[in-house]
Amino acid sequence: MNRASLLVVQGVEQGARFQLGERPVSMGRGVQNEVRILDTEVSRLHATIQQVKDTFVLTDRNSSNGTLVNGVAVRSHVLADGDQIQLGHTLLLFSDVERESVSQAAAERIQFLHQHDPADHSSIVSQMDGRTVSLPVAADSSDESGSPSNLTVLYRIAEEVVRPSVSIDQTLQRILDLTIAAVGADRGCVLLTDPQSGEIRPQVAGQRGMSEPGSRMPVSRTIVDYVLKNNQGVRTADAQHDSRFDPARSILQAGIREAMCVPMQGRHELMGVMYLDITTPADRLLLQGKAAGFREDQLRLLVAIGRQAALAVENNRYQQAFVKAERLAAMGQTIATLSHHIKNILQGVRGGSYLIDMGLNDHNEDLVRKGWHVVDKNQHKIYHLVMDMLSFSKDRKPALAPAQLNETVGDVIELMQARATECAVDLQFQPDTNLPMCTFDAEGIHRAVLNIVINAIDAVEGSDHAVVKVETGLHVESDMLWVAVSDNGPGIPEDQLGRIFNVFESTKGARGTGLGLAVSLKIIREHGGDIAVESRLGEGSRFTLAWPRLDDDHHLGDSTRG
């Protein structure tokens with residue numbers, strides 16, 4: 001599993017994820033990029049990302065509109081987990097974390113001191129309600145120790161809560177790191193309650209500086225259970241100076257001086273706790289000009305942060321639930337729609353089989369041929385349905401190779417000629433004889449044009465003087481190849497034009513699957529192009545498939561042209 005990836009959070013390809021590895025990755029509008037950005041403000045070769053030792057370096061390739069990381073224009077930048085990369089109007093989130101191992105790593109760094117454990121003599125010296133917090137906010141930007149003010153810290157935490165993230169673990173880790181720095185803690189962790197089992201488990205852990213190999217952060221289960229039960233934020237005493245601690249057996253053995261633990265109260269339920277402690281000796285802190293322990297206002301701040309962190313967890317769980325529900329609903333709709341189409345095709349096959357059976361019993365060769373014609377027709381239907389399903393479901397990259405567009409489109413005409421004759425449709429082909437050899441995915445373009453031609457024949461079937469005309473050409477000014485499919489059918493109502501490329505939206509009723517146009521658009525966009533539609537009721541329709549011409553690699557290298 002690749003540890004790094006890019007997620008498109010804003011743009012045409014929203015939701016698409018691209019894995020990063022040892023090989024350099026190019027980003028841009030050009031079809032030969034590993035990361036295709038379908039954005040007119042993005043250059044053909046806009047930027048590259050390359051792994052350098054344990055880091056990933058983003059480099060702008062002299063793009064027309066520049067590359068931004070977290071809102072700042074860069075030429076070369078070492079990416080950090082959570083960085084937002086902006087190319088044109090497209091926003092990508094860089095992730096460099098193994099999601100499955102985050103909570104496991106946190107669990108390995110946390111040691112619970114369970115109830116009745118002789119080593120746990122924690123003592124609570126102050127507490128605060130975790131549901132209602134009055135937070136004193138300094139007017140200046142920092143306090144006497146140079147730490148950010150409460151307002152500044154909460155503002156940064158709020159930014160993390162609403163910031164796009166690949167996982168809730170990333171959000172909680174950033175919140176925890178900011179909190180540790182803000183209150184002057186040495187270590188910290190977030191413990192979440194499992195929604196299924198109700199068990200409290202480590203989710204993320206952090207600390208200032210380097211830790212000793214194999215060292216684990218001790219967490220008092222007594223304190224955690226108290227906070228969960230009473231929904232109270234608590235601050236424990238300095239073990240080194242409080243007579244209530246037994247220096248021989250208390251948490252002093254683990255080097256703990258003071259700790260704070262606060263509830264993570266969501267809108268409707270308690271999500272878990274945040275736990276921070278200090279291990280640095282008081283005399284060393286004083287020499288460094290820092291406070292010798294946690295203060296009451298810091299406990300108030302931590303309670304407020306715990307609330308923000310809880311809302312982030314709660315929102316994430318709601319979002320996951322909605323996504324799951326939408327996936328199940330979409331799956332149900334897809335299965336129902338496909339089942340309907342397959343049932344119609346199978347009914348046709350059964351009808352043809354019945355005719356064949358009758359012809360064989362009666363030794364009627366004409367009846368057998370008629371039945372076989374019906375079976376063969378429906379066999380083609382199920383083949384096209386399966387091919388469209390495969391084309392639409394696969395996140396594929398065009399298999400680019402030199403080819404002649406006229407030959408590719410000519411194959412479509414030859415394939416559909418028999419069907420056109422059967423439907424009494426005049427299928428015409430008018431190729432541009434001056435088209436040069438170009439680089440494109442011949443199989444993909446064949447499929448895209450075939451679907452449009454099938455739709456056009458279906459649209460004019462049964463009409464008087466039905467004509468479908470297919471043309472090819474090259475627009476010299478824009479350097480775009482194009483294929484146009486025109487018909488003199490009934491046309492498409494204006495209120496349906498905006499939906500015809502949606503999956504399972506068909507204007508052909510029971511005869512259509514609603515996949516053909518969606519597949520064609522997907523293939524053309526994989527080539528960096530688009531499909532334009534012109535239609536008038538009673539006069540017919542014209543579909544124009546257009547995409548950038550590629551004849552060699554110099555198009556990809558020309559990054560200065562938008």
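Begin with the open sheet that five strands form in the order β4-β3-β5-β6-β9, where the pairing is mixed; strands here are DSSP runs of E of at least two residues, helices are runs of H or I of at least four, both numbered from the N terminus, and two strands pair if DSSP finds at least two bridges between them. This is a predicted model, in which local features need pLDDT of at least 70 and side-chain atom pairs count only at pLDDT 80 or more, while totals for chains, interfaces and linings use all residues. Residues are numbered from 1 along each chain as its sequence is written, and side-chain values use heavy atoms, with hydrogens and water left out.

At the edges of this sheet, select β4 (35–36) and β9 (76–78), each of which pairs on one side only. Then select strand β3 (residues 25–28) and strand β5 (residues 47–52), which run antiparallel and are joined by three bridges; valine 25 has isoleucine 49 in β5 as its bridge partner.

**Helix α3**

Next, select residues 168–183, which make up helix α3. The helix has 16 residues and reaches 22 Å from its first C-alpha to its last, close to the 22 Å expected at 1.5 Å a residue, the expected span being 1.5 Å times one less than the number of residues. Of the 16 residues of α3, 12 are buried, so the helix is largely enclosed by the rest of the structure; buried means under 20% relative accessible area, exposed over 50%, and partly exposed in between, with a 1.4 Å probe and protein chains only. Among the buried residues are Ile168, Leu172, Ile175 and Val183.

**Strand β19 and its partners**

Now select residues 270–278, strand β19, where eight of the nine residues are buried, so the strand is largely enclosed by the rest of the structure. Strand β14 (residues 187–193) runs antiparallel to β19 and is joined to it by six bridges, with glycine 188 opposite leucine 276. Strand β18 (residues 258–265) is also antiparallel to β19, with eight bridges between them, and valine 262 stands opposite methionine 274. β18 and β19 form a hairpin, with four residues between them.

In β18, select glutamate 258. Glutamate 258 is buried yet has no salt bridge, and the nearest side chain of opposite charge, arginine 235, is 4.3 Å away. A salt bridge is a side-chain nitrogen of Lys or Arg within 4 Å of a carboxyl oxygen of Asp or Glu; Lys and Arg count as positive and Asp and Glu as negative, while His and the chain ends are not counted. The side chain of glutamate 258 does reach the backbone nitrogen of phenylalanine 294, at 3.0 Å.

**Salt bridges**

The structure holds 14 salt bridges. One of them joins the side chains of glutamate 471 and arginine 542 (3.0 Å, N to O); glutamate 471 lies in strand β23 (residues 467–475) and arginine 542 in strand β26, so the pair ties together parts that are 71 residues apart in sequence. Glutamate 471 is buried, with a relative accessible area of 14%, whereas arginine 542 counts as partly exposed at 26%.

For another, select aspartate 479 and arginine 549, whose closest N and O atoms are 2.8 Å apart; aspartate 479 is in the loop between β23 and β24 (480–487), and arginine 549 is in the loop between β26 and α12 (554–557), 70 residues apart. Both aspartate 479 and arginine 549 are buried.

**An aromatic pair**

A search of the whole structure finds two aromatic pairs. In one of them, the rings of phenylalanine 440 and tryptophan 547 have their centres 6.3 Å apart and their planes at 65°, so the pair is edge-to-face. Rings of Phe, Tyr and Trp (its six-membered ring) pair if their centres lie within 6.5 Å, and planes under 30 degrees apart count as stacked, over 60 as edge-to-face and the rest as tilted. Phenylalanine 440 is in strand β22 (residues 438–440) and tryptophan 547 in strand β26 (residues 540–548), 107 residues apart.

Conventions:
A polar contact is a pair of N or O atoms within 3.5 Å; within protein, one must be able to donate a hydrogen and the other to accept it, and residues adjacent in sequence count only if both atoms are side-chain atoms.
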